[in-house]
Amino acid sequence: MFLKKGTKGIGFSFTEIDNGQIYLYVQFNEGKKIKTIGKYPESSFVKLTNRDLITYTKYELKIMRNEIFARNGYVFKKDGEMDNYFSRKGWYRAIRKTRNPNLSDIEKHNVNLILKLEKQ
């Protein structure tokens, strides 16, 4: 894929070593769909790995995971822990209550990975 001159967005690259094989990943997210709000904005536009998350506490992981939902306007349980946390954030707008929020593939990947790490 080639970008047109003047294309705006956020770029990210990382390397991964798997069984002695080196992989280089380059990711570019174009346009205005990138939500850079919250404490962990990268969780909505960077495909995270175990190594990226190893230093976070379970509570930080929980906030990071739920922040993905919050950026998408998810309505949390009234007076619950996440409702109390995010309702204090100036950027949070509860707009839809759904069991299947409209998350990007990157956000889905990150939610699943973070949830897995929270359970360890």
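Accessible areas here come from the Shrake-Rupley method with a 1.4 Å probe, and for residues only the protein chains shown count as cover. I looked up the total for the chain: about 8,600 Å², of which 51% belongs to carbon and sulfur atoms.

I note that this is a predicted model, in which local features need pLDDT of at least 70, side-chain atom pairs count only at pLDDT 80 or more, and totals for chains, interfaces and linings use all residues. Residues are numbered from 1 along each chain as its sequence is written, and side-chain values use heavy atoms, with hydrogens and water left out.

I read the order of elements as β-β-α-α-α-α. Helices (H or I, at least four residues) and strands (E, at least two) are DSSP runs, numbered from the N terminus.

I checked burial (buried under 20% relative accessible area, exposed over 50%, partly exposed in between; 1.4 Å probe, protein chains only). Of the 120 residues in the chain, 35% are buried.

I listed the contacts (heavy atoms within 4.5 Å) of Leu48. Beyond its neighbours within four places in sequence, Leu48 meets Glu42, Ser43, Leu53, Met64, His109, Asn110 and Leu113.

Last, I looked at Ser104, in the loop between helix 3 and helix 4. Ser104 counts as partly exposed because its relative accessibility is 31%. Its C-alpha atom is 7.8 Å from that of Ser44, 60 residues apart along the chain.
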